[in-house]
Structure formats: structure tokens, C-alpha cells
Amino acid sequence: MTTTPEPDEPPAQIQSPRDSAIASPGWASSTYSVNSEDLGYWWLGNRLYGRGFPFPIDDRAKEDHDARHAVFKKILKNRNFCAPVSLEGADVLELYTRTGKLAMEIADENPACSVIGVDESQMQVELVPPNLRFEICEDDNSWTWRRPFRFIIMRQHGVFVKDLPGLIRRCSEILEDGGWIEFQLLTLSHHSQSEQQVPTGEESKVRDIHRYLSRGLAKLGLQLDIHDKLTQMLEEKSFHNLEHREFPVPLGRWPKDKELKDLGNLWLEVLHGELEALMLLPLSEGLKLDYQHIQLILKDIRNDLTRCARSQWVTKVHIVYAQKGCEGRTT
């Protein structure tokens, strides 16, 4: 597997679907052998982007993604998912796998299952468990898997898709009867638990993350914070046994509880590190702000993040999971 190209390097050749962890032999594949230009690599400032997803795919982005994975692991107390599904002999699909960290852990911990991690861009590692493969897929309309999945999981900041009802419909079509789907969503809308202590100027800077990002993504036709709509959408597609669980995520070391203090410190480090990756494209391509203006916005936000303890900022992780009804069953 190749690395992502540097600005002065010629496009790298992506391996054939028969090579490495990308569509290993014997799997029913929906991928093709492609050149890096076919994956739509392009640069914005000093950040490398791929096709579809509104965030970078360079080495810094890979580090950001794996750091965010650690946040989810701490929140879920080292679990990778909450749905009550048995993965013994199961086919599992992770959507928007990015580096493949979650897919790898699921495959490692469940050697009797088969896992596919799918993404629109190539960020995945080369060395993977034998029961895991990665696929590059332009969108959900190009899925051609022949065997149904028992479990589909998706983990993101919100959900960055243009047609969420369509995505749920396609997931329902490729789930086996009684199979499960799970969304893990880390929201970026922080609120203060000590509003009276927060000066208006400081308050707005932390909240600017969500304000700018939601507006910028909307201009690109993408939705942010759809956790409150998921339950209704899943019910409309005849899913049942729905659960919507919420986990508080503090920003900084202000909580008295040690576990929450450690979680808050970790989340502060992760958010501070990935701030540019989150906001650069939505502000540039969505809101049409120039690069220098964006850097000034990011500088102001970072400055306030370093003083966030007195504000007691907190956000949430939303875990929404549901089971597909069996054919002929009334739910």
C-alpha cells in the first residue's frame, strides 16, 4: 500500500483489489484498481484532501483520527460498540473507516468474524488482521456486496453525508434480518455549566467551532448534528429495539471526578490538535473565507481553548443503535 503523495511527487499507484488489505482474494469486492488521481487527491493550504470527505487525509489527519479513537475508547470504557450483537461468524461493516483503527480492533477482538472497512479515500494502514480488509468506495450507491452484514457501525463528528435517509435505506438493504446498525457521534456543540462566569467574548470563541462548521458544511450540502433525527429515520425504515444513549464529554480538566478529568484533558488535546483539519475546508470552500482569515479565527479559538477551565465546557457523545426487523415481522 502506498503513502499519500507529496506535492512534488507523481501520483502513486494504489494496489490492485487482490493485494494487501485492499480487497483480498476470495472476498466479494466492490472496489477497483485505481490511480491516486482517480481518488481525487488535492491540496488546500498545506493539507491533503481526498474524494468526498470534507477533512484532510494526510499524516496529521491520521494522527488526529487515532487520537479521537482514544476519546471514544475512554468514553465507552474500552468497548468498541454498545449494540447487543454477537459477532461470532458475523460479517461486519464499518462506514467511513478512515485509518481503520476501529475496524482493526473489532477484527482483532473477534477473530471468528469478517470485517470490511470502507471509505472514499485511502488512509488505512497496511498491516491488518487476516479477517479484515479495506475498500475504497465512491459512495453508498456503488456498494455491490453479495453477503448481508450482521453489524454496521459508523463513528464521526456528526454525520457528514448528503443523503442520510438514503444511507439508512442502503444499510437496511445490506443488513441481514435481525442485524444491527450503530452510529457513534461526537458533537461539537459545547455548552458551559457556569454561564455566569463566562465573558461573552470568550463564550463565542469556543462556540464558534460549531457555528462556523455547521454553516460551512451546510453550504457544501452536508448535515451536522443529526443525532436527534436518527431515531425517527430508523423507525421509518422498520428498525426496532432502538436505543439512544448520551455520554458527557468535558472540555479540559475542570471536573472533580478523576475519570471525567482525564477524559476532559484528552478531549481538549484532541480538539486543539485537529481544529484546523475540522474547519479549513468548510470555512474555505463553504463560507468562501480566505486562508489568512481562517488562520486568525483558528488562533482566537485556540487561545480560548487554553483558558477553558473556568468555563466548564461540556459536549456529548451520542450512541444510537437499532435492529433490523425480520422479514414478515410487524415492528
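**Note on the predicted model**

1. Leaving out residues up to four places away in sequence, E274 touches D64, R68, H157 and W267, where contact means heavy atoms within 4.5 Å. E274 itself is placed in helix α6, residues 258-286. Its relative accessibility is 1%, so E274 counts as buried; the term buried stands for under 20% relative accessible area, exposed for over 50%, and partly exposed for what lies in between, with a 1.4 Å probe and protein chains only.

2. The model is predicted, so local features need pLDDT of at least 70 and side-chain atom pairs count only at pLDDT 80 or more, while totals for chains, interfaces and linings use all residues. Residues are numbered from 1 along each chain as its sequence is written, and side-chain values use heavy atoms, with hydrogens and water left out.

3. The protein chain has seven helices and ten strands; helices (H or I, at least four residues) and strands (E, at least two) are DSSP runs numbered from the N terminus. Of the 331 residues in the chain, 57% count as buried. Among contacts between residues at least 6 apart in sequence, 72% join residues at least 24 apart.

4. How do helices α1 and α2 cross? The axes of α1 (residues 59-75) and α2 (residues 101-109) come within 10 Å, and the crossing angle is roughly 55°. Axes are lines fitted to C-alpha atoms, for helices over the stretch in contact, with angles from 0 to 180 degrees between N-to-C directions. The two helices are therefore oblique to each other: under 35 degrees counts as roughly parallel, over 145 as roughly antiparallel, 65 to 115 as roughly perpendicular, and the rest as oblique.

5. The meeting of these helices involves D66, H69 and K73 from α1, and K101, L102, E105 and E109 from α2. By class, the contact has one nonpolar, one polar and five charged residues. Here Asp, Glu, Lys and Arg count as charged; Ala, Val, Leu, Ile, Met, Phe, Trp, Tyr, Cys and Pro as nonpolar; and the others, Gly among them, as polar.

6. E105 lies in α2 and K73 in α1, so the pair ties together parts that are 32 residues apart in sequence. K73 has a relative accessibility of 12% and therefore counts as buried.

7. The structure holds 18 salt bridges, each a side-chain nitrogen of Lys or Arg within 4 Å of a carboxyl oxygen of Asp or Glu. In the pair R47 and D58, the closest N and O atoms are 2.8 Å apart. R47 belongs to strand β2 (residues 47-49) and D58 to the loop between β2 and α1, eleven residues apart. R47 and D58 are both buried, and a network of salt bridges links R47, D58, R60 and E276. Within helix α1, D59 and K62 are three residues apart, about one turn of the helix, and their side chains meet in a salt bridge of 3.7 Å, N to O.

8. Which residues of helix α5 (residues 227-236) are buried? They are H227, L230, M233 and L234. Seen down the axis of α5, the buried residues fall within an arc of 95°, so they line one face of the helix; the arc is that of the directions from the helix axis to the C-beta atoms. On the other side of α5, D228, Q232 and E236 are exposed. The cover over the buried residues includes α3 (164-174), β7 (175-186), β9 (239-250) and β10 (313-324).

9. Several residues have a positive phi. S238, which follows α5, has a phi near 65°. D225, a residue other than glycine, has a phi near 60°, and sits in the loop between α4 (200-219) and α5. At 14% relative accessibility, D225 counts as buried. Q312, also other than glycine, has a phi near 55° and is placed in the loop between α7 (291-305) and β10. With 26% relative accessibility, Q312 counts as partly exposed.

10. G178 is found in strand β7 and, at 17% relative accessibility, counts as buried. Its C-alpha atom is separated by 5.0 Å from that of K324, although G178 and K324 are 146 residues apart along the chain. Neighbours within four places in sequence aside, G178 is in contact with Q323, K324, G325 and C326.
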